[in-house]
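Please keep the sequence and the 3D view at hand while reading.

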Amino acid sequence: MEFIADILRYSYLSNALIAAILCGILCGIVGTYIVSRRMVFLCGGITHSSFGGLGVAFYLGINPIAGALLFAILSAIGIEWASDKGKIREDSAIGIIWSVGMATGALFMSLTPGYMSGDLASYMFGSIISVSATDVMMLCITTALCVTGAIIWWRPIMYMAFDRNFAASQGINTRIASYIISIVVAITIVMAIRIMGIVLLLSLFTIPAVTANSFTKSYAKITLWAVVIAVTGAVTGLIVSYYWEIPSGASIIFTLVLMLIAVKILSLRSKK
C-alpha cells in the first residue's frame, strides 16, 4: 500500500511505473522478433554502439538520448548494408561497430570538461526513477507506433522472422523490410536505455521471449506472453527495488530470470 500511496504522491515514481509498463510492451514485441530471427548479437552490437552517441552528446552538451539514437540508427543501417552487400560478414560487422562505438564513447567522455563517471551510470546500468515526463511521452509514442505497426504488418513480420526466402516469395521486399526493422530495433533500444541501461538492456529483449517460447511455439502467442512477462517483470522489479533499495535494472533482470526458471521447472514437471 505504501508503494501505491507514493505513486500518487511523487511524480517521479508514477513516471517510473508508466515507463516500466511501456518498456515491457515495447521490448516484448520487438524482443520476440529478435529471438525468432536470432538477432540477439545484432541487438547487442546496436546497444553498445549507442555508447558512442552518448559520449559525443556529452562532449557537445546536447541531449544524450539524441546522440545515442543517431548512433544506433546509423549502426543498424551500417550492419545491414555490410551484410547485404557481402562486403563483410554480419558477425564481423557487428563486432567492428560494437567496438568502434564503445571506443568513440570512451574517447569523447575523456575529452568532456568536468566529466564525472556518475553522469554515465544511469545510461550504463539504468535508472528508471530518473525518467522524466518527456521520456514517458516519447516511450508512449514509440510504443503506440510499434503496436500499430505490429498489428498492420503482422504476417510480413512473422515471415521475415522465420524465413526470408519465404517472405520474398510472398512479394515482400526483404531488403527494405530488413532495413526498416533494424531501424525500429535501434529506436526501441535507445528508448529503453534509461530504464535498463546499456549493460542490462539485452536481457529485457531476450528473457521474456525465451520464457514464453518454453510453453508455446506460436509466434502470436509468444509475442503476447512475452509482453505479459516483460511488463510483469518490469513492474515487479520496480516494486522490489523500491522496497529493498537496490538498482531497478538489476532487480528487473533477477525477476525475469526467476520467472524463466519457474517456467522451465514447471514445463519439466509437466513433461514427466
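Buried means under 20% relative accessible area, exposed means over 50%, and partly exposed lies in between (1.4 Å probe, protein chains only). With a relative accessible area of 46%, L107 is therefore partly exposed. This is a predicted model, in which local features need pLDDT of at least 70, side-chain atom pairs count only at pLDDT 80 or more, and totals for chains, interfaces and linings use all residues. Residues are numbered from 1 along each chain as its sequence is written, and side-chain values use heavy atoms, with hydrogens and water left out.

**Surface patch**

- L107 is placed in helix α5; helices are DSSP runs (H or I, at least four residues), numbered from the N terminus.
- Y59, L60, I62, L107 and L111 make up a nonpolar surface patch with about 480 Å² of accessible area together.
- At least two residues of the nonpolar patch come from each of α3 (40-60) and α5 (90-111).
- Such patches consist of residues with over 30% relative accessible area and no salt bridge, nonpolar side chains (Val, Leu, Ile, Met, Phe, Trp, Tyr) being joined within 5 Å and like charges within 9 Å.
- A salt bridge is a side-chain nitrogen of Lys or Arg within 4 Å of a carboxyl oxygen of Asp or Glu.

- Helix α2 covers residues 11-36, and its first and last C-alpha atoms are 37 Å apart, close to the 38 Å expected for its 26 residues at 1.5 Å a residue.
- The expected span is 1.5 Å times one less than the number of residues in the helix.
- Of the 26 residues in α2, 20 are buried.

**Largest pocket**

- The largest pocket holds about 650 Å³ of space.
- Its lining has 26 residues, with W153, I157, I180, I181 and V184 nearest the centre.
- α2, α7 (133-152), α8 (154-162), α10 (174-213) and α11 (219-244) each provide at least two lining residues.
- The most comes from α10, with eight residues.

**The loop between α10 and α11**

- S214 lies in the loop between α10 and α11.
- S214 counts as buried because its relative accessibility is 19%.
- Although S214 and K264 are 50 residues apart along the chain, their C-alpha atoms are separated by 6.8 Å.

Methods
Accessible areas come from the Shrake-Rupley method with a 1.4 Å probe; for residues, only the protein chains shown count as cover. On a 1 Å grid over the protein atoms alone, a cavity is a set of points where a 1.4 Å probe fits but cannot get out, and a pocket is an open set with protein on both sides within 12 Å along at least five of seven lines; lining residues have an atom within 4 Å of a point. Grid points are joined across faces, edges and corners, and a volume is the space filled by probe spheres set on the points.
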